[in-house]
Amino acid sequence: MPWARRDPGFRQEVCALTPMARLGAVDEVASAVAFLASSDASFITRRYSVRMCRIRSVVAATTALLLFTSACSTASGGGDDLAVGTSVEVSAGESATLAVTVTDVRAGTVEDLDSMGVDASSLAGRTPWFLTVTMGLTEGTIQDVDRDLMPSLAPDQWSGEVSNGADAQPLQVIGDYDCTVDGSATAGFTDDEPLVDCVALLTADSAVLKSVTLADVGTWAVTAG
């Protein structure tokens with residue numbers, strides 16, 4: 001199920017169906033799986049009851065999802081999309097957890113990009129939407145972080161849904177630029193301070209950005225205005 005890892009809405013739907021509003025950790029599910037696979041569960045068969053079959057199916061499905069997903073929204077809500085300002089916790093190792101948060105989304109202008117040192121001469125008729133995102137530790141230390149499990153905040157990992165049905169395109173340029181509200185972008189995070197980053201998504205001038213998605217992490221709804 002590689003699609004499960006790429007579909008934040010699916011992960012959030014699964015989380016909404018669980019009493020704890022999150023996916024189970026490997027060590028939480030492993031004992032149940034080991035029991036059902038052992039001789040101790042010999043009395044539990046596929047004929048035992050429909051309810052037990054359903055439980056076994058849920059355990060199996062949860063185990064499969066753990067292999068392909070690394071995050072589940074810490075907030076609950078009626079829809080699939082998160083509110084801007086809501087964090088998504090991502091496992092980054094056995095004892096490290098990172099929180100990824102889109103803290104601000106705002107429409108800018110091509111002139112704003114010029115002021116940031118970005119060559120925007122080919123972007124006439126486009127509107128840049130500036131996203132500010134933070135990523136910081138909520139559990140563990142930097143030494144505990146498995147870099148291979150860290151979500152990438154690179155521009156090509158971002159996408160957006162637009163009011164006209166098109167997709168917002170991430171702006172990819174050579175070099176760095178700071179599109180945060182207060183110029184607070186940082187190069188990394190510490191045990192106590194999060195990384196602050198920004199990315200620009202481009203839409204047509206007449207279009208409105210409805211939501212932004214970070215691959216393998218989540219989708220945040222953009223409030224008009």
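E6 and E7 form a hairpin with four residues between them, and Gly165 in the turn has a positive phi of about 90°. This is a predicted model, where local features need pLDDT of at least 70, side-chain atom pairs count only at pLDDT 80 or more, and totals for chains, interfaces and linings use all residues. Residues are numbered from 1 along each chain as its sequence is written, and side-chain values use heavy atoms, with hydrogens and water left out.

Strands (E, at least two residues) are DSSP runs numbered from the N terminus, and two of them pair if DSSP finds at least two bridges between them.

| Partner of E7 | Bridges | Bridge pair |
|---|---|---|
| E6 (residues 158-162) | two | Gly160 with Ala168 |
| E8 (residues 195-204) | two | Pro170 with Leu201 |

In a regular strand the side chains alternate between the two faces of the sheet.

A pocket is an open set of points on a 1 Å grid over the protein atoms alone, where a 1.4 Å probe fits, with protein on both sides within 12 Å along at least five of seven lines; lining residues have an atom within 4 Å of a point. Of its 18 lining residues, Leu153, Pro155, Asp176, Asp197 and Cys198 lie nearest the centre. E8 supplies the largest share of the lining, four residues.
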